[in-house]
Amino acid sequence: MILTPTLTGYVARAFFGMTLAMLCALTGLVALFDFIELLRRAATRPDVGFAIALEIASLRLPFVALQILPFSILLGGIVAFWRLTRSSELIVARAAGISAWGFLTGPLVVAMLLGMVATGAISPISSALLSRAERLDQTFLRTGGGMTALAGGRLWLRQADRELEANGVAILSGRPVAMRAPGEPIPRAGARFELQEVSVWRLTAGDQPLSRIEAPRARLTNGAWVIEDAVAFGADRIAKPVGTISLPTELTPDRIQDSFASPETLDFWALPGFIAVLEEAGFSAVRHRIQFQTLLALPVLALAMALLAAGFSMRQTRRGGVAQMIGGGVAAGFALFVVDKVSNEFGEAGSLPVVLAAWAPTVAGLLLALALLLHLEDG
């Protein structure tokens, strides 16, 4: 395989430029439809103006771009390679004895770097902005919902409790009250969190009861629940006033809120630690694990899309069939997207292991793209 740095860099720049243009165009188009939908919903609320809808749509832009990126690489690559083939630049290079694998090295490296930047840098920004967009949506455009809609307005939490038994657990139930500053519609990071009409069941690792606590309120402080005016019930079921109790916890207001939020609103770098806390608290972390593995697989998916683009576009234009070529590439990308979503649904349902659900469509797409390109290049 002959590597020519000048030609490789030239093809890589063309690929990157067309991918970036496609990403901007597709993101703008999707964001426009999202903004129109927000305006439609805001039209029924006199207190919600144009600025709120625009702010929510703007905050969602990085998330939209992250979802569009694989398709942008596919479509941008198809257009870039087709233009280079139509102008006979790639045809001349191949006639000079340069293999397609030689000048494709640059675009493939660019695709991998785009996927890595999206996972490591864009994803944390996207999650933070999307989280605020969802809070704004919840505050101004939705009716009801949120945590207080769970189980008739009561919130149920499960956490580790090692005071009475080494592997014990505690189940807390109460009506949540997020403490806010006056006039502040959205809870601040680190805001106080309080439960009212609190019941606490302290259990063994085998879910055998050890004691029960009833209290009018419990405040979540740094590292502990402060349960005020508590009454404890032991195995004899006799009420014993115990005043204020401190129950250690690893939960925070942000983690409680995040456990009910979509995994897309969580920082990629914070997901492993959050998954561990979530599972220790007794929540299912399958969706969060799938989100983490999906983000890990994004650079490989970007590589697969670049290979698919090369396979569908590097044909001589004198053979015709440009529309069929582009249509075939779009259909292949859409099919891969559908398979990925179906696989994730099976993963969330527990029918497939998380790693298999997240990685199987990506690896399958990569192998198919390699097979297509090998067939076109080497017969």
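Start at Leu 298, where α9 bends by about 45 degrees; the bend is the angle between axes fitted to the seven residues ending there and the seven starting there. A proline, Pro 299, follows within four residues.

Before moving on, a word on what is loaded: this is a predicted model, in which local features need pLDDT of at least 70 and side-chain atom pairs count only at pLDDT 80 or more, while totals for chains, interfaces and linings use all residues. Residues are numbered from 1 along each chain as its sequence is written, and side-chain values use heavy atoms, with hydrogens and water left out.

Now select the whole of α9, residues 286-313. Helices here are DSSP runs (H or I, at least four residues), numbered from the N terminus. This helix of 28 residues reaches 38 Å from first C-alpha to last, close to the 40 Å expected at 1.5 Å a residue; the expected span is 1.5 Å times one less than the number of residues. Because 22 of its 28 residues are buried, α9 is largely enclosed by the rest of the structure. Buried means under 20% relative accessible area, exposed over 50%, and partly exposed in between (1.4 Å probe, protein chains only).

Next, show Gln 67, Thr 294, Asp 340, Lys 341 and Asn 344, which lie nearest the centre of the second largest pocket. A pocket is an open set of points on a 1 Å grid over the protein atoms alone where a 1.4 Å probe fits, with protein on both sides within 12 Å along at least five of seven lines; lining residues have an atom within 4 Å of a point. Which helix gives the most to this lining? It is α9, with nine residues.

For the next stop, select Phe 35 and Phe 50, an edge-to-face aromatic pair at 5.3 Å centre to centre with 90 degrees between the planes. Rings of Phe, Tyr and Trp (its six-membered ring) pair if their centres lie within 6.5 Å, and planes over 60 degrees apart count as edge-to-face. Phe 35 lies in α1 (residues 5-42) and Phe 50 in α2 (residues 50-59), so the pair ties together parts 15 residues apart in sequence. Phe 35 counts as buried at 14% relative accessibility, whereas Phe 50 counts as exposed at 52%.

Finish with Phe 268, Trp 269 and Phe 292, which ring pairs link into a cluster.

Technical notes. Helices (H or I, at least four residues) and strands (E, at least two) are DSSP runs, numbered from the N terminus. Rings of Phe, Tyr and Trp (its six-membered ring) pair if their centres lie within 6.5 Å; planes under 30 degrees apart count as stacked, over 60 as edge-to-face and the rest as tilted.
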